[in-house]
Amino acid sequence: MMPDSRKFIENLSGAGKSIGVLTSGGDAQGMNAAVRAVVRMGIYVGAKVYFVHEGYQGMVDGGDNIKEASWESVSSMLQVGGTVIGSARCKDFRTHEGRLRAALNLVQRGITNLCVIGGDGSLTGANLFREEWSGLLDELVQSGQITEEASQTHSTLHIVGMVGSIDNDFCGTDMTIGTDSALHRIIEVVDAIMTTAQSHQRTFVLEVMGRHCGYLALVSALACGADWVLIPEMPPKDGWEEQMCHKLSENRADKKRLNIIIVAEGAIDHNNKPITTDLIKDLVVRCLGFDTRVTILGHVQRGGTPSAFDRILASRMGVEAVLALLEASPGTPACVVSLCGNQAVRLPLMECVQMTQEVQKAMDEKRFEEAVKLRGRSFENNLNTYKLLSHRKIDTELPNSSFNVAVLNVGAPAAGMNAAVRSAIRVGITEGHTMFAVSDGFEGFYKGQIKEIKWGDVGGWTGQGGSLLGTKRTLPAKHIGKIAEQMSIHNINALLVIGGFEAYLGLMELQAARSKHTELCVPMVMVPATVSNNIPGSDLSIGADTALNAITDTCDRIKQSASGTKRRVFIIETMGGYCGYLATVGGLAAGADAAYIYEEPFDIRDLQSNVEHLTEKMKTSIQRGLVLRNENCSENYTTDFIYQLYTEEGKGVFDCRKNVLGHMQQGGAPSPFDRNFGTKIAAKAMQWISKKLKEFYREGRVFANTEDSACLLGMRRRALVFQPVVQLKDETDFIHRIPKEQWWLRLRPLMKILAKYKTSYDVSDAGQLEHIIRPRAKDSSAI
């Protein structure tokens, strides 16, 4: 047998270690979730954790600014925006005297591990402090403020950074803490403005934050289908004013009643001159005479409650930061914990900072293309997708492909489906294809509900929830003859199916029927869209993020309803079929005490120990509990059963309430993440179809009968991958409609640790310090 090389949390001890946690620089939603995770994980491994209030200022001033944290002191922080421990811009820390005082304050409390949550300025400051540490201690020994022995005991300062910045302007990480929440704020405003703009046929110019980085502007433009976007990394070419006005008037002529222009506050032209919202307003009024209004979003973007994504990101990063501190040795460089795809990674702090500074340098020197590359894969792909979708070519510019491509939705509705359909239709038209929309899934297909769909038909679709094409769960097998007939009538040369588990099964059935019906020998691709996130071959599916936010928002409200009534436990049922994704990840985002799922079998003893755990919890200052249950986690331990059991066992200690969240998890406007993910993944699927159509075009017809011509496009770890559906069969549990292996099960121990359960946690996945990857030639697999 192979020796077990895995590492477990049980073998890591923080005993005798002290960790200081601080938030510095501009605040960002999710910082509190990170602080909570650091505190609880630190205490869990036996370390002492200290809050450093008011950022570096508190470290310099010492006294009551540095306080030991307890488990209960971070309760109810998860859902609060901003930073509870305060943040300040600190001039004192920039001076040598200031850092000397800070070092003394830390040594007096035995703190030699720092977890800094902030932007690149805060992290650079932390690294300088680490480099000067031994010199500062020598000075303190010489002036008699500390003993030689204390200097020896605290000889090394370990630093781990987490990036909290709404601008997403830090190289090396796909998403910084706060970015997703800021996008939520922007999209809420844009959605609200669109209704009033539509009523009056207005043009709105919106300014979003981003002094040096256009990420927020770019992604919100993608997510709301803006007419024009101006960002610092891509100054518009000369003559842009006429181009923009031409595009606005063209859109109006196309029955579009409003225009949205999004401007990053740092937007510049080719001569590095600022482009302001007022300049744009005057331009539109002067050239087109449109009724134009300006809205500057300002600090709204920093406010509000953190999104589900930011809570999960910050909680994962906080736990990872403590692991990094426990594993640090004197020679370990300061590192940043960050996210790449959906994987936590550690990167050397200064490599990231240098790369971030290089972006600014490239922009100052007008090397804009290089600046975009340095920003990283995620930024570059957003920009390429925006370019692909934004420019409507006139017929003479289009490549004439004479191919017909059909798009359909299959399964239950999921928020973000419409964004995916819009993206696919527009990319298809840009590639020269004739696009067809099928109503009501495979049912509409065999009934012949197929019609050509044009560029303008999908305007304004990104922000709409549900499925505008209509979707059904019907599978194609029974109607395969009629479907083949319709393929032939409309001469369909390729299929794009956007949907859930039925779409996956449907694609398999279509492929199996190719031997009998040559009409089905065309390239087919599926894009996963289901709130359950239960599709083999993809770590994420369109719609799951919106559902998580619905669950998290509701749990926040439910928890708040208990603030007056002490000692209450809520049992909440989530959707997901047999897949426990929503219950588990929703539990992590809402701060649940337990989440019951099918994938992790439980019995009466587990239920009993959960009740006992909650009874113990009621003795502390946190007198409420939250338990999530996946709808199909157990045939007999139903929501009612668990509710009755908890009520009986908790008599005299706590009372219970139950809630079934139901279809609210499927509805609602799609979250920025789902709009963006849907847009990017569908655009990539469409480009694959174009490539395959050329590949399989022989003697005047398309004929595709290979395994790799029927694929599922999924997100795997760090990239988007096309996988033949036939090859996914072995990875699928068809009875329970879930993949056999699911990455998010690794997050379950995290939820348990943060809820104070002793558990085993495999940390072998974490740990290795990676290096930042320099931009290479085109890498289009990233999302």
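How do the residues of the lining of the second largest cavity divide into nonpolar, polar and charged? The exercises below work towards this and related points.

The structure is a predicted model, in which local features need pLDDT of at least 70 and side-chain atom pairs count only at pLDDT 80 or more, while totals for chains, interfaces and linings use all residues. Residues are numbered from 1 along each chain as its sequence is written, and side-chain values use heavy atoms, with hydrogens and water left out.

**Exercise 1. Describe the second largest cavity and classify its lining.**

Step 1. A cavity is a set of points, on a 1 Å grid over the protein atoms alone, where a 1.4 Å probe fits but cannot get out, and its lining residues have an atom within 4 Å of a point. A volume is the space filled by probe spheres set on the points, which are joined across faces, edges and corners.

Step 2. The second largest cavity holds about 50 Å³ of space, and among the residues that line it are Met162, Thr173, Ile177, Leu313 and Ser338. Two or more lining residues come from each of β5 (158-163), α10 and β10 (335-340), where helices (H or I, at least four residues) and strands (E, at least two) are DSSP runs numbered from the N terminus.

Step 3. Counting Ala, Val, Leu, Ile, Met, Phe, Trp, Tyr, Cys and Pro as nonpolar, Asp, Glu, Lys and Arg as charged, and the others, Gly among them, as polar, the lining divides into seven nonpolar, three polar and no charged residues.

**Exercise 2. Describe the largest cavity and its lining.**

Step 1. There are three cavities of 30 Å³ or more, and the largest contains about 520 Å³ of space.

Step 2. Its lining comprises 31 residues, with Phe309, Leu339, Gly341, Leu540 and Phe673 nearest the centre; the elements that each supply at least two of the lining residues include α10 (308-327) and α22 (672-695).

Step 3. By class, this lining has 21 nonpolar, five polar and five charged residues.

Methods:
On a 1 Å grid over the protein atoms alone, a cavity is a set of points where a 1.4 Å probe fits but cannot get out, and a pocket is an open set with protein on both sides within 12 Å along at least five of seven lines; lining residues have an atom within 4 Å of a point.
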